[in-house]
Amino acid sequence: MHWNPTHFEASFLFALFTSIVFGIVGKRTDRERLHYGLYVFGCFMAAIFGLAWLMYFGHG
Amino acid sequence: MPQEKDAAGKPAKPPRPPLSLWITPVALGWLLPGGGHFYLKRWNRGALLLFAVSGMFVFGLLMRGRMFEPGDTDLFNIILNYGGFVGDLANGALYFLATWFGYSQPDMPGAAPDYGAKFLVCAGLLNILAMIDAYEIAVGNKS
């Protein structure tokens, strides 16, 4: 079995799993954990789309 | 309460927590992602850690990422391979099961195997964070 993801699929999964762990280990209450996990996930998404557009315009 | 100071006037270090307090949850956390949290009865957090770390590891396998092996000829590759090996090894039972079942992927060109290798190492690094969290809970620094 082999899976050949697009760059977006791979980076989306990476962002999802990483933000879950960061959310759990980074804060002390469940509410703070949820907010921090969503914040980290949002930052990953912003970086993914931001860098993608930057590369798009960079290539001309 | 005033902070205790040592003979040199520096703040005294708090005593190191006894090994027996934290070794079991940390070892279980290494063997099974989230295992330390399960041992400490943090069921929801343990389940989420198990999902995240093993999910990343499984997707790394599906992308045919290579496992790093220690040793090489030049310094850069030695550091790279040892670092990657430590990351892979931090997956605990997932790593041992994959290798015992014969998973051995050569270094192949292409984006997917490259992502896969990073997923496998990052799953191990996330598991190290989970182990540190289990330690913090076990010694009473976190709830």
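Predicted model: local features only at pLDDT ≥ 70, side-chain atom pairs only at ≥ 80, totals over all residues.
**Figure 1. Chain A, a chain of 2 helices and 0 strands.** Along its principal axes, the C-alpha trace of chain A spans about 45 × 35 × 10 Å. The radius of gyration of chain A is 14 Å, whereas a compact globule of 60 residues would have one near 10 Å. Of the 60 residues in this chain, 18% count as buried.

**Figure 2. Chain B, a chain of 6 helices and 0 strands.** Taken along the principal axes, its C-alpha atoms fill a box of roughly 60 × 40 × 25 Å. Buried residues make up 38% of the 143 residues of chain B, and among the contacts in this chain with a separation of 6 or more, 68% are between residues 24 or more positions apart.

**Figure 3. The side of chain B that touches chain A.** Here 22 residues of chain B are in contact with 16 residues of chain A. Two helices of chain B, α3 (43-62) and α6 (111-138), each supply at least two residues of this side. By residue type, the side of chain B that touches chain A divides into 16 nonpolar, 2 polar and 4 charged residues.

**Figure 4. The largest nonpolar core, with 36 residues.** The residues with the most contacts inside this core are V21(A), A52(B), V53(B), M56(B) and A130(B). The elements that give two or more residues to the core are α1 of chain A together with α1 (19-31), α3, α5 and α6 of chain B. Of these, α6(B) gives the most, with 12 residues.

**Figure 5. V21(A), a residue in helix α1 of chain A.** V21(A) has 27 other C-beta atoms within 10 Å, and it is buried because the cut-off for burial is 20 or more such atoms. Not counting residues up to four places away in sequence, V21(A) touches L49(B), A52(B), V53(B), L126(B), L129(B) and A130(B). The view also takes in G37(A), which is 16 residues from V21(A) along the chain, and the C-alpha atoms of these two residues are separated by 7.9 Å.

**Figure 6. Helix α3(B) and its buried residues.** The 20 residues of α3(B) should span 28 Å at 1.5 Å a residue, and this agrees with the end C-alpha atoms, which are 28 Å apart. The buried residues of this helix are R45(B), G46(B), L48(B), L49(B), A52(B), V53(B), M56(B), F57(B), F59(B), G60(B) and L61(B). They pack against α1 (7-26) of chain A, together with α2 (35-39), α5 (93-100) and α6 of chain B.

Figure 7. Most residues other than glycine have a negative phi, and most peptide bonds are trans. K41(B), which is not a glycine, has a positive phi near 65°, and it lies in the loop between α2 and α3 of chain B. R64(B), also a residue other than glycine, has a positive phi of about 60°; it comes just after α3(B), in the loop between α3 and α4 of chain B. Is each of these residues buried or exposed? K41(B) is exposed, with 8 other C-beta atoms within 10 Å, whereas R64(B) counts as buried, with 21 C-beta neighbours inside 10 Å.

Notes
Residues numbered from 1 in each chain as written. Chains lettered and ligands numbered in written order. Contact = placed C-beta atoms within 7 Å. Helix = DSSP H or I, 4+ residues; strand = E, 2+ residues; numbered from the N terminus. Nonpolar A, V, L, I, M, F, W, Y, C, P; charged D, E, K, R; others polar. Expected span 1.5 Å × (residues − 1). Buried ≥ 20, exposed ≤ 12 C-beta atoms within 10 Å, placed from the backbone. Rg over C-alpha atoms; globule rule 2.2 N^0.38 Å. Core = buried A, V, L, I, M, F, W, Y, C linked by C-beta atoms within 7 Å.
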